[in-house]
Amino acid sequence: MGEFKVHRVRFFNYVPSGIRCVAYNNQSNRLAVSRTDGTVEIYNLSANYFQEKFFPGHESRATEALCWAEGQRLFSAGLNGEIMEYDLQALNIKYAMDAFGGPIWSMAASPSGSQLLVGCEDGSVKLFQITPDKIQFERNFDRQKSRILSLSWHPSGTHIAAGSIDYISVFDVKSGSAVHKMIVDRQYMGVSKRKCIVWGVAFLSDGTIISVDSAGKVQFWDSATGTLVKSHLIANADVQSIAVADQEDSFVVGTAEGTVFHFQLVPVTSNSSEKQWVRTKPFQHHTHDVRTVAHSPTALISGGTDTHLVFRPLMEKVEVKNYDAALRKITFPHRCLISCSKKRQLLLFQFAHHLELWRLGSTVATGKFLVSGKNGDTLPLSKNADHLLHLKTKGPENIICSCISPCGSWIAYSTVSRFFLYRLNYEHDNISLKRVSKMPAFLRSALQILFSEDSTKLFVASNQGALHIVQLSGGSFKHLHAFQPQSGTVEAMCLLAVSPDGNWLAASGTSAGVHVYNVKQLKLHCTVPAYNFPVTAMAIAPNTNNLVIAHSDQQVFEYSIPDKQYTDWSRTVQKQGFHHLWLQRDTPITHISFHPKRPMHILLHDAYMFCIIDKSLPLPNDKTLLYNPFPPTNESDVIRRRTAHAFKISKIYKPLLFMDLLDERTLVAVERPLDDIIAQLPPPIKKKKFGT
């Protein structure tokens, strides 16, 4: 594996935004997640729960509701009073429409998917018709006295339930009038509360309405008579969310105490046909409020203030042991927020509204690469890391992507509406920054930015599917060429990789396809054969120009760009197959790099391991220890060679957000411990524990 001096970086003060709401799409098996900063993420649960798309946040866009309609169409609404639809191909917002009811607190699509319902601050419930291109206002229902905080359709589409403050209303969809008004009990632990907020409602096929409220209760109502049937007190704080399975045989609720409760419909006795709702399982996977829940066919999904997206499998629903059978906690984005200037040993950290540039510290060395100390030692710093630059964006939009050039002289970043390019000058310990003005209109927004190895070219992937090549010289730039998307498609390119010699550019889109362009001849060179799972990381090796691609199912391919075919090593890997423990990892590979002096080595990492694949060694089989490839040091060289295999894995650094080679003997690893994130969150609700 070799010995490296490792810069262990823990000053990337990144804190993910809390999760506000989730929406599960049963047709496509995808999950949409909105965060408190307005960011919306799309997870493909069939592709090993990979975050395949995201829409950047906005300061004025506090998303309160999210739903799928007409199959693949995604809508959101929030406190700015607007309803938005997302373009899932171009990865931008199609349009935003004001509902004219003040802040929107809730939204629900009809069972047929052709109508959209929103609940507003002014007590109005508004019905919209979903047309092929937009949505069109249809009518208002009877206005209520207080804001509409939750909505649910009856599966037949004839009635809706609306949760408000102190009561639940039932509306007839055809007439728009209120049929019933059910007053919620304010009593909590024998004490009358001032208000009872109905945070969530669910309308079942048999006419039962399930409500969750701020008094810690789950209540069952008969919508035909408007009466309370049963009540469960499950928490000492708010019950904030509810989601029901499609078969209506179970539902899940989330509380402000961080607990998720599972309710199931079970027979009253073993031989009885009569059934009742029973609270079967409590889960404590969160430290803070569970703001939202969803119910997929095989799992309970929850998210909240602690930023974790949790998938809790229902083992009785999982038929075979696969990715669906494991508990998952997704905390970090499945894209890289860090770029590196190897020449100047700089790191650029991307936050929502600013960038930070840091120079790595140094240790006392007795030679160019030789450092004192033995393997595993922590070396004292002769110079601490320096915070060189804090670059704040103007306006309310979040940063989509950013990059620093390998020479450290350029910084580029983009928001939804603006692209920024800066020239950096270094004089001793001082740094000066100059913005390149008058950017062309076609560089208004970028989804991905990458510099060439010699820092003379900038590659920009726009959200319209085009790839732009910009020549950099001095403090100016020149647009050289734009690769346009194929006719009839507007596929956004999410990942870029350029060869070290600058001759080849690889681009991966949202549909898992990879296109390779000849930068010198300015034309499409080839397209890598399609694969069922999306690309999570890719890189082009020096000298050989082999493209290494990692997919969300943990498969790794090596494709020869000059020969337009998979390499012999890649074919051998696919024939033999990867080790079962390698395939069972639940975090995607987010970065790939290569050793400049060892062409047979591939360096890659995910959030919990760093791996060097040595292509000269045999692949491990399922009987081999994957994570312990090193035999005892007192064994002979013959035995060591016999037991060694291609995968050298280290799990020292985690959670690992970025790792790369600075030179042939030096690595930089950027970690973000979860305890540091939790320490910056607001305090959770204090719960009384026995004996304290």
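Start at Lys-564, which is found in the loop between strands S52 and S53. The model is a predicted one, and in it the phi angle of Lys-564 is near 55°, a positive value in a residue other than glycine. Lys-564 has a relative accessible area of 44%, so it counts as partly exposed.

Strands of a sheet pair through backbone hydrogen bonds, and the pairing may be parallel or antiparallel.

Now move along the sheet to S50 and its partner. Strand S51, residues 546–551, runs antiparallel to S50, and 5 bridges join the two. Across this pair, Ala-537 stands opposite Ala-550 in S51.

Strand S51 also holds Val-548. Is this residue buried or exposed? Val-548 has a relative accessibility of 0%, and therefore counts as buried. Beyond its neighbours within four places in sequence, Val-548 is in contact with several residues, including Ala-537, Met-538 and Ala-539, as well as Val-556, Phe-557 and Ile-602. Ser-593 is 45 residues from Val-548 in sequence, yet their C-alpha atoms are 9.1 Å apart in space.

Another loop of the sheet lies between S51 and strand S52, residues 556–560, and Gln-554 is located there. Gln-554 has a positive phi of about 75°, although it is not a glycine. Its relative accessibility is 0%, so Gln-554 counts as buried.

Next, turn to an earlier part of the chain. Strand S4, residues 40–44, pairs with S5 in the antiparallel sense over 5 bridges. The hairpin of S4 and S5 has 5 residues between the strands, and Asn-48 takes a positive phi near 60° in it. Strand S5 covers residues 50–55; 6 of its 6 residues are buried, so the strand is largely enclosed by the rest of the structure.

Met-439 lies in the loop between strand S41, residues 430–435, and strand S42, residues 448–451. Leaving aside neighbours within four places in sequence, Met-439 is in contact with Phe-419, Leu-421 and Phe-477. Between Met-439 and Phe-477 there are 38 residues of separation in sequence and 9.1 Å in space, C-alpha to C-alpha. In the loop between strand S57, residues 647–650, and strand S58, residues 656–663, is Pro-655. A cis peptide bond joins Lys-654 to Pro-655, with omega at about -10°.

Finally, consider the protein as a whole. How many helices and strands does it have? The protein has 4 helices and 59 strands. Its C-alpha trace spans about 85 × 65 × 50 Å along the principal axes. A compact globule with 692 residues would have a radius of gyration near 26 Å, and the 27 Å of the protein agrees with this. Buried residues make up 57% of the 692 residues. Of the contacts with a separation of 6 or more, 48% are between residues 24 or more positions apart. The protein exposes about 30,200 Å², and carbon and sulfur atoms supply 51% of that area.

Definitions and conventions
Residues are numbered from 1 along each chain as its sequence is written. This is a predicted model: local features need pLDDT of at least 70, side-chain atom pairs count only at pLDDT 80 or more; totals for chains, interfaces and linings use all residues. Side-chain values use heavy atoms; hydrogens and water are left out. The radius of gyration is taken over C-alpha atoms; the globule rule is 2.2 Å times the number of residues to the power 0.38. Buried means under 20% relative accessible area, exposed over 50%, partly exposed in between (1.4 Å probe, protein chains only). Contact means heavy atoms within 4.5 Å. Accessible areas come from the Shrake-Rupley method with a 1.4 Å probe; for residues, only the protein chains shown count as cover. Two strands pair if DSSP finds at least two bridges between them.
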